[in-house]
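Morning, everyone. I'll keep this brief. Please have a look at the structure on the screen.

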Amino acid sequence: MTFTTSLTAALLASVALAGSALACETTLRSSDTHPDGYPTVEAVKHMGKLLEERSAGRLCVEVFHSAQLGEEKDTIEQTRFGVIDLNRVSMGPFNNLIEETKVVSLPYIFRSVDHMHKVMDGDIGAEILEAFTAHDLVGLAFFDGGSRSFYNAKKPIESMADLAGMNMRVMQSDIFVDMMGAMGANATPLPYGEVYSAIQTGVIDGAENNWPSYESSGHFEVAGYYTMDEHLIVPEVLVMSKAAWDKLTPEDQALVQQAAKDSVPVMREMWAAREKASEEKVVAAGATIIRDIDKTPFIEAMVPVYEKHVTTDTLKDLVARIQATE
Ligand code: GTR
């Protein structure tokens, strides 16, 4: 392409963009803690593209990535109040608010990512999405969050005994605090955006997360020991503010719902690719990966966590049905 043709193409593209932006009657503002290019951010952008096409440019989505609208717990509140329209978050920060979300945040509840997909794509997933409605939110779709493992700045964790007394950051949910305690560590619940400096300054020794978060947050730079104990497979969720939802016609609500659903397979593909790329990046950067550990003691240590948190008939039933899902 010559300079002139590429300039013309660029101009045409910006005119087209401005045209479609002008046509948007409703722009849904969407929050995400992750940086641009991260699979969750790209999935919601993809959803927005589908929505814009299918509504002939009337409905648009603007994604505010990199926690521009705040940390997850705060943005959840703002979404409930209708200040933010859409929010892509982990299920973890919902645990203290929406009982049903607890079951997917239990350590080792899912045997594999495939098992998680089967559960979330079926009736149980639909019931959990439905539970958001009582809390001023509309649950639209589940996204992948891989499996989460421990990492720290101090030493390779080869067994549960190595966790004893360590200060580990967890997401803001009582289940994760109790999980860390049952494994012998001290839990520090912190917003995601504070973890890097907390490790750097020694306030905490480490944290836990999936490959893409460990990599994109730069946590691998300050906590180079990653132990693949895979204690959590917590799905992520795209929710909409009930206030924003109620402003849409039933036809437009259906368009939003369908666009969200259609972004899921695209997200899963992007996720699988990013998991691999992130793992390769941290390994190349010199992180020490502890791969073959015996998970049995970790799993056994979780019995009191289940006993404490799975208390109601609804939760007991959900857990039994998840475990029975082949
Ligand atoms: C990530 C997840 C975020 C956030 C973060 C955390 O894996 O995608 O939504 O929950 O973990 O640990 O706070």
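This is a predicted model: local features need pLDDT of at least 70, side-chain atom pairs count only at pLDDT 80 or more; totals for chains, interfaces and linings use all residues.

Start with the ligand. Around the ligand sit T33, E72, V89, S90, G92, G145, M171, Y192, N209, N210, S213 and E236. By class, that shell has seven polar, three nonpolar and two charged residues.

Now the domains themselves. The assignment gives domain 1 as 20-145 + 235-277, and domain 2 as 148-233 + 279-324. Their centres, over C-alpha atoms, are 24 Å apart. In the contact between them, 33 residues of domain 1 meet 32 residues of domain 2. On the domain 1 side, the elements giving two or more residues are α3 (72-80), α4 (113-121) and α11 (250-284). Top contributor there is α11, with four residues. That side splits into 16 nonpolar, eight polar and nine charged residues.

Next, the sheet. Five strands form an open sheet, ordered β2-β1-β3-β10-β4, with mixed pairing. Between neighbouring strands the average turn is 25°, ignoring direction.

Zoom in on one pair. β3 (residues 86-90) and β10 (residues 236-241) run antiparallel, joined by five bridges. One detail: L86 has M240 in β10 as its bridge partner.

Last, a helix. α2 (residues 39-54) lies across β1 (26-31), β2, β3, β4 and β10. Against β2, α2 runs at about 165°.

Note on methods:
Residues are numbered from 1 along each chain as its sequence is written. Two strands pair if DSSP finds at least two bridges between them. Axes are lines fitted to C-alpha atoms, for helices over the stretch in contact, and angles run from 0 to 180 degrees between N-to-C directions. Two residues are in contact if their C-beta atoms, placed from the backbone, lie within 7 Å. A residue is near a molecule or strand if its C-beta atom, placed from the backbone, lies within 6 Å of it. Ala, Val, Leu, Ile, Met, Phe, Trp, Tyr, Cys and Pro count as nonpolar, Asp, Glu, Lys and Arg as charged, and the others, Gly among them, as polar. Domain bounds come from an automatic or database domain assignment.
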